[in-house]
Amino acid sequence: MISIPATIWDDMIAHARELDPHECCGVLAGKDGVISAQYRITNILASMTEDELTTFFEKGKLSDLKNLSPDERADIAFIMDTMEFSSAVKDIRQKELTLPIFYHSHTSSPARPSETDIKKAMDFETMREKLNFPEPRHLIISLEEKSHPVIRAYHIQNSLSTEVPVQRQ
Amino acid sequence: MITVRIPTPLRPMTGGKGEVEATGGSVLELIDHLNGAHPGLKDRICDEQGEVRRFINIYVNEEDIRFLTGKETPLKDGDEVSIVPAIAGGSHG
(Lines give C-alpha, C1' and ligand atoms only; values in the text may rest on other atoms or scores of the structure.)
Protein backbone atom coordinates (compact mmCIF):
# COMPACT_ATOMS: atom_id res chain seq x y z
CA MET A 1 0.00 0.00 0.00
CA ILE A 2 1.29 3.45 -0.91
CA SER A 3 -0.12 6.42 1.00
CA ILE A 4 -0.49 9.72 -0.82
CA PRO A 5 -1.25 12.87 1.19
CA ALA A 6 -4.62 14.40 0.32
CA THR A 7 -2.99 17.66 -0.86
CA ILE A 8 -0.86 15.78 -3.42
CA TRP A 9 -3.69 13.41 -4.42
CA ASP A 10 -6.03 16.34 -5.02
CA ASP A 11 -3.40 18.34 -6.85
CA MET A 12 -2.80 15.47 -9.29
CA ILE A 13 -6.52 15.47 -10.10
CA ALA A 14 -6.48 19.27 -10.41
CA HIS A 15 -3.45 18.99 -12.71
CA ALA A 16 -5.24 16.42 -14.91
CA ARG A 17 -8.37 18.61 -15.06
CA GLU A 18 -6.42 21.78 -15.87
CA LEU A 19 -4.82 20.16 -18.89
CA ASP A 20 -7.80 18.08 -20.03
CA PRO A 21 -8.16 17.08 -22.90
CA HIS A 22 -4.32 17.03 -22.94
CA GLU A 23 -2.61 14.43 -20.79
CA CYS A 24 -0.78 15.76 -17.76
CA CYS A 25 2.37 14.16 -16.33
CA GLY A 26 4.57 14.41 -13.28
CA VAL A 27 6.60 12.67 -10.64
CA LEU A 28 5.90 11.81 -7.00
CA ALA A 29 8.43 10.59 -4.49
CA GLY A 30 8.57 9.35 -0.96
CA LYS A 31 9.91 6.50 1.12
CA ASP A 32 8.66 3.65 3.27
CA GLY A 33 5.35 3.59 1.40
CA VAL A 34 4.52 7.25 2.04
CA ILE A 35 4.66 9.90 -0.67
CA SER A 36 6.01 13.28 0.41
CA ALA A 37 6.91 15.18 -2.76
CA GLN A 38 5.20 16.04 -6.05
CA TYR A 39 6.67 17.55 -9.20
CA ARG A 40 4.38 18.67 -12.00
CA ILE A 41 6.23 18.16 -15.30
CA THR A 42 5.33 19.78 -18.63
CA ASN A 43 3.99 17.49 -21.36
CA ILE A 44 6.02 18.78 -24.32
CA LEU A 45 4.30 16.66 -26.97
CA ALA A 46 2.02 19.40 -28.35
CA SER A 47 5.03 21.66 -28.92
CA MET A 48 7.13 19.05 -30.73
CA THR A 49 7.85 19.51 -34.43
CA GLU A 50 7.33 16.76 -37.02
CA ASP A 51 11.13 16.37 -37.18
CA GLU A 52 11.28 15.85 -33.42
CA LEU A 53 8.42 13.35 -33.52
CA THR A 54 10.24 11.40 -36.22
CA THR A 55 13.33 11.01 -34.06
CA PHE A 56 11.43 10.03 -30.92
CA PHE A 57 8.74 7.58 -31.99
CA GLU A 58 8.92 4.29 -33.80
CA LYS A 59 7.19 4.11 -37.18
CA GLY A 60 3.81 2.62 -36.22
CA LYS A 61 3.15 5.08 -33.43
CA LEU A 62 4.54 7.90 -35.55
CA SER A 63 2.10 7.46 -38.40
CA ASP A 64 -0.81 7.52 -35.94
CA LEU A 65 0.44 10.73 -34.34
CA LYS A 66 1.26 12.47 -37.62
CA ASN A 67 -2.38 12.18 -38.65
CA LEU A 68 -3.31 14.38 -35.70
CA SER A 69 -2.82 18.07 -35.00
CA PRO A 70 -0.12 18.89 -32.38
CA ASP A 71 -2.87 19.63 -29.85
CA GLU A 72 -4.64 16.35 -30.52
CA ARG A 73 -1.38 14.44 -30.07
CA ALA A 74 -1.15 15.60 -26.46
CA ASP A 75 -4.66 14.24 -25.88
CA ILE A 76 -3.42 10.67 -26.29
CA ALA A 77 0.20 10.72 -25.17
CA PHE A 78 2.80 12.56 -23.12
CA ILE A 79 6.52 13.23 -23.17
CA MET A 80 8.03 14.70 -20.02
CA ASP A 81 10.16 17.83 -20.29
CA THR A 82 13.67 16.47 -19.67
CA MET A 83 15.02 19.52 -17.80
CA GLU A 84 12.10 19.50 -15.37
CA PHE A 85 12.41 15.73 -14.98
CA SER A 86 16.13 15.95 -14.21
CA SER A 87 15.52 18.74 -11.69
CA ALA A 88 12.97 16.51 -9.97
CA VAL A 89 15.42 13.60 -9.94
CA LYS A 90 18.10 15.83 -8.43
CA ASP A 91 15.72 16.93 -5.67
CA ILE A 92 14.63 13.33 -5.02
CA ARG A 93 18.29 12.34 -4.61
CA GLN A 94 19.03 15.26 -2.31
CA LYS A 95 16.06 14.35 -0.13
CA GLU A 96 17.18 10.69 -0.19
CA LEU A 97 13.72 9.53 -1.29
CA THR A 98 13.61 5.96 -2.54
CA LEU A 99 10.08 5.52 -3.87
CA PRO A 100 9.51 7.40 -7.14
CA ILE A 101 6.19 7.31 -8.99
CA PHE A 102 5.73 8.57 -12.55
CA TYR A 103 2.17 9.81 -13.06
CA HIS A 104 0.09 10.82 -16.06
CA SER A 105 -3.55 11.16 -17.00
CA HIS A 106 -5.77 9.27 -19.40
CA THR A 107 -8.44 11.79 -20.28
CA SER A 108 -10.91 9.44 -21.95
CA SER A 109 -9.83 5.91 -21.08
CA PRO A 110 -9.50 3.79 -17.92
CA ALA A 111 -6.71 4.06 -15.34
CA ARG A 112 -4.67 1.15 -16.62
CA PRO A 113 -1.40 1.10 -18.55
CA SER A 114 -1.63 1.13 -22.34
CA GLU A 115 0.77 -0.87 -24.50
CA THR A 116 2.74 2.34 -25.00
CA ASP A 117 2.91 2.91 -21.23
CA ILE A 118 4.32 -0.57 -20.73
CA LYS A 119 6.77 -0.33 -23.62
CA LYS A 120 8.12 3.05 -22.52
CA ALA A 121 8.36 1.88 -18.91
CA MET A 122 10.42 -1.11 -20.04
CA ASP A 123 12.64 1.13 -22.20
CA PHE A 124 13.41 3.22 -19.10
CA GLU A 125 13.97 0.07 -17.06
CA THR A 126 16.90 -0.94 -19.29
CA MET A 127 18.71 2.27 -18.31
CA ARG A 128 17.49 2.84 -14.77
CA GLU A 129 19.73 0.63 -12.63
CA LYS A 130 22.88 1.96 -14.24
CA LEU A 131 21.76 5.45 -13.29
CA ASN A 132 21.31 4.28 -9.71
CA PHE A 133 17.69 5.45 -9.82
CA PRO A 134 15.18 3.58 -7.64
CA GLU A 135 12.58 1.43 -9.38
CA PRO A 136 9.51 3.57 -10.12
CA ARG A 137 5.83 2.77 -9.87
CA HIS A 138 3.46 4.16 -12.50
CA LEU A 139 0.27 5.99 -11.57
CA ILE A 140 -2.59 6.88 -13.88
CA ILE A 141 -5.35 9.41 -13.27
CA SER A 142 -8.38 8.56 -15.40
CA LEU A 143 -10.84 11.31 -16.31
CA GLU A 144 -12.95 8.90 -18.32
CA GLU A 145 -15.80 9.83 -15.99
CA LYS A 146 -15.16 13.53 -15.52
CA SER A 147 -16.95 13.84 -12.18
CA HIS A 148 -15.35 10.67 -10.79
CA PRO A 149 -11.60 10.67 -11.40
CA VAL A 150 -10.00 7.27 -10.78
CA ILE A 151 -6.41 6.88 -9.61
CA ARG A 152 -4.58 3.57 -9.84
CA ALA A 153 -0.91 2.68 -9.59
CA TYR A 154 1.09 -0.15 -11.12
CA HIS A 155 4.37 -1.95 -10.90
CA ILE A 156 5.57 -2.71 -14.42
CA GLN A 157 8.06 -5.56 -14.70
CA ASN A 158 8.95 -7.86 -17.60
CA SER A 159 6.31 -6.12 -19.74
CA LEU A 160 3.56 -7.00 -17.25
CA SER A 161 1.73 -4.57 -15.01
CA THR A 162 0.55 -5.42 -11.51
CA GLU A 163 -1.70 -3.07 -9.60
CA VAL A 164 -0.23 -1.53 -6.45
CA PRO A 165 -2.84 -0.29 -3.94
CA VAL A 166 -2.75 3.44 -3.27
CA GLN A 167 -4.73 5.43 -0.74
CA ARG A 168 -5.49 9.11 -0.19
CA GLN A 169 -4.47 10.06 3.31
CA MET B 1 37.52 4.04 -23.43
CA ILE B 2 34.12 5.33 -22.48
CA THR B 3 31.09 3.05 -22.18
CA VAL B 4 27.98 4.45 -23.84
CA ARG B 5 24.54 3.06 -23.01
CA ILE B 6 22.19 3.12 -25.96
CA PRO B 7 18.42 3.26 -25.34
CA THR B 8 16.15 0.65 -26.93
CA PRO B 9 14.78 2.98 -29.67
CA LEU B 10 18.32 3.72 -30.95
CA ARG B 11 19.64 0.16 -30.85
CA PRO B 12 18.75 -0.58 -34.47
CA MET B 13 21.53 1.91 -35.28
CA THR B 14 24.13 0.09 -33.18
CA GLY B 15 23.43 -3.38 -34.51
CA GLY B 16 21.15 -4.09 -31.55
CA LYS B 17 23.82 -3.35 -28.95
CA GLY B 18 22.78 -1.73 -25.67
CA GLU B 19 26.34 -0.72 -24.84
CA VAL B 20 29.10 0.45 -27.11
CA GLU B 21 32.59 1.74 -26.44
CA ALA B 22 33.76 5.08 -27.76
CA THR B 23 36.35 7.78 -27.20
CA GLY B 24 36.10 11.54 -26.84
CA GLY B 25 37.37 14.32 -24.62
CA SER B 26 33.89 15.80 -24.29
CA VAL B 27 30.30 14.69 -24.75
CA LEU B 28 30.23 16.47 -28.12
CA GLU B 29 33.38 14.68 -29.31
CA LEU B 30 31.97 11.40 -28.10
CA ILE B 31 28.76 11.92 -30.09
CA ASP B 32 30.80 12.78 -33.19
CA HIS B 33 32.87 9.61 -32.76
CA LEU B 34 29.74 7.54 -32.21
CA ASN B 35 28.29 8.98 -35.39
CA GLY B 36 31.40 7.87 -37.27
CA ALA B 37 30.86 4.28 -36.21
CA HIS B 38 27.05 4.43 -36.38
CA PRO B 39 26.09 6.98 -39.04
CA GLY B 40 22.87 8.85 -38.32
CA LEU B 41 23.07 8.45 -34.57
CA LYS B 42 23.97 12.11 -34.02
CA ASP B 43 20.80 13.26 -35.79
CA ARG B 44 18.75 11.26 -33.33
CA ILE B 45 20.53 12.83 -30.35
CA CYS B 46 21.16 16.40 -31.52
CA ASP B 47 19.07 18.94 -33.45
CA GLU B 48 20.15 20.87 -36.55
CA GLN B 49 22.00 23.40 -34.38
CA GLY B 50 23.96 20.58 -32.76
CA GLU B 51 22.21 20.98 -29.41
CA VAL B 52 21.09 17.90 -27.52
CA ARG B 53 17.42 17.36 -28.34
CA ARG B 54 15.07 18.47 -25.59
CA PHE B 55 13.58 14.99 -25.20
CA ILE B 56 16.95 13.32 -24.68
CA ASN B 57 18.83 13.27 -21.38
CA ILE B 58 22.51 12.49 -21.42
CA TYR B 59 24.02 11.38 -18.15
CA VAL B 60 27.73 11.18 -17.42
CA ASN B 61 27.92 8.52 -14.76
CA GLU B 62 24.82 9.52 -12.73
CA GLU B 63 24.67 13.24 -13.48
CA ASP B 64 22.64 14.96 -16.23
CA ILE B 65 25.02 16.97 -18.42
CA ARG B 66 22.59 19.91 -18.17
CA PHE B 67 23.79 20.26 -14.56
CA LEU B 68 27.43 19.92 -15.67
CA THR B 69 28.67 21.89 -18.68
CA GLY B 70 26.26 20.54 -21.28
CA LYS B 71 27.73 19.01 -24.41
CA GLU B 72 31.13 20.48 -23.48
CA THR B 73 31.18 18.30 -20.35
CA PRO B 74 34.66 16.72 -20.24
CA LEU B 75 35.00 12.94 -20.29
CA LYS B 76 37.76 10.74 -19.03
CA ASP B 77 38.71 7.13 -19.50
CA GLY B 78 36.28 4.84 -17.64
CA ASP B 79 33.36 7.27 -17.63
CA GLU B 80 29.93 5.87 -18.41
CA VAL B 81 27.58 7.86 -20.61
CA SER B 82 23.87 7.04 -20.77
CA ILE B 83 21.56 8.35 -23.48
CA VAL B 84 18.07 8.31 -21.99
CA PRO B 85 14.90 9.35 -23.84
CA ALA B 86 12.33 11.40 -21.95
CA ILE B 87 9.79 9.56 -19.83
CA ALA B 88 6.82 9.02 -22.12
CA GLY B 89 3.61 7.08 -22.54
CA GLY B 90 -0.06 7.75 -22.88
CA SER B 91 -3.47 6.34 -23.43
CA HIS B 92 -3.05 5.63 -27.11
CA GLY B 93 -1.97 2.21 -28.35
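Predicted model: local features only at pLDDT ≥ 70, side-chain atom pairs only at ≥ 80, totals over all residues.
Is Lys71(B) buried or exposed?

1. **Lys71(B) and its partner.** Lys71(B) is buried, with a relative accessible area of 19%; the cut-off for buried is under 20%. The side chain takes part in a salt bridge with Glu51(B), where the closest N and O atoms are 3.0 Å apart. Lys71(B) sits in the loop between β4 and β5 of chain B, while Glu51(B) sits in the loop between α2 and β3 of chain B, so this pair ties together parts that are 20 residues apart in sequence. Glu51(B) itself counts as partly exposed, at 41% relative accessibility.

2. **Thr73(B), in the loop between β4 and β5.** Thr73(B) is also found in the loop between β4 (63-64) and β5 (80-85) of chain B. Thr73(B) is buried, with a relative accessible area of 4%. Setting aside neighbours within four places in sequence, the residues in contact with Thr73(B) are Gly25(B), Ser26(B), Val27(B), Val60(B), Ile65(B) and Leu68(B).

3. **The interface as a whole.** How many residues does each chain bring to the contact? Chain A brings 39 residues and chain B brings 33 residues. The area buried between chain A and chain B is about 3300 Å², and carbon and sulfur atoms give 58% of that area. On the polar side of the account, the rule finds 16 residue pairs in polar contact across the interface of chain A and chain B, both residues being at pLDDT 80 or more.

4. Several elements of chain A each supply at least two residues of the side that touches chain B: α2 (50-56), α3 (59-66), α4 (70-76), β4 (78-79), α5 (82-94), β5 (99-106) and α6 (115-128). Of the elements, α6(A) gives the most to this side, with eight residues. Sorted by class, the side of chain A that touches chain B has 14 nonpolar, twelve polar and 13 charged residues.

5. β4(A) pairs in the antiparallel sense with strand β6 (residues 88-89) of chain B, over two bridges. Which residue of β6(B) is the bridge partner of Phe78(A)? The partner is Gly89(B).

6. **Salt bridges between the chains.** Side chains of opposite charge can pair when their charged atoms come close. Between chain A and chain B the count is four salt bridges. In one of them, Arg54(B) meets Glu52(A), with the closest N and O atoms 3.0 Å apart. Arg54(B) lies in the loop between α2 (41-45) and β3 (56-60) of chain B and Glu52(A) in helix α2 of chain A, so the pair joins two chains. The two ends can be described separately: Arg54(B) is partly exposed, with a relative accessible area of 30%, and Glu52(A) is buried, with a relative accessible area of 11%. A network of salt bridges also links Lys130(A), Arg5(B), Glu19(B) and Glu80(B).

7. **A salt bridge within chain A.** Over all chains, the count comes to 21 salt bridges. Among them is the pair of Glu18(A) and Arg40(A), whose side chains meet at 2.9 Å, N to O. Glu18(A) lies in helix α1 (residues 6-19) and Arg40(A) in strand β3 (residues 34-41) of chain A, so the pair ties together parts that are 22 residues apart in sequence. Glu18(A) counts as exposed, at 52% relative accessibility, whereas Arg40(A) is partly exposed, with a relative accessible area of 33%.

8. **Tyr103(A).** My last stop is in strand β5 of chain A, where Tyr103(A) lies. Tyr103(A) counts as buried, at 0% relative accessibility. The Tyr103(A) side chain is joined to the side chain of His15(A) by a polar contact of 2.9 Å, and to the side chain of Gln38(A) by a polar contact of 3.2 Å. Tyr103(A) and Arg152(A) are 49 residues apart in sequence, and their C-alpha atoms are 9.7 Å apart in space.

Definitions and conventions: Residues numbered from 1 in each chain as written. Chains lettered and ligands numbered in written order. Heavy atoms only, no water. Contact = heavy atoms within 4.5 Å. Buried area = accessible area lost by both parts, 1.4 Å probe. Polar contact = N/O pair within 3.5 Å; in protein donor to acceptor, adjacent residues only side chain to side chain. Helix = DSSP H or I, 4+ residues; strand = E, 2+ residues; numbered from the N terminus. Nonpolar A, V, L, I, M, F, W, Y, C, P; charged D, E, K, R; others polar. Pairing = 2+ DSSP bridges. Buried < 20%, exposed > 50% of the residue type's maximum accessible area, 1.4 Å probe, protein only.
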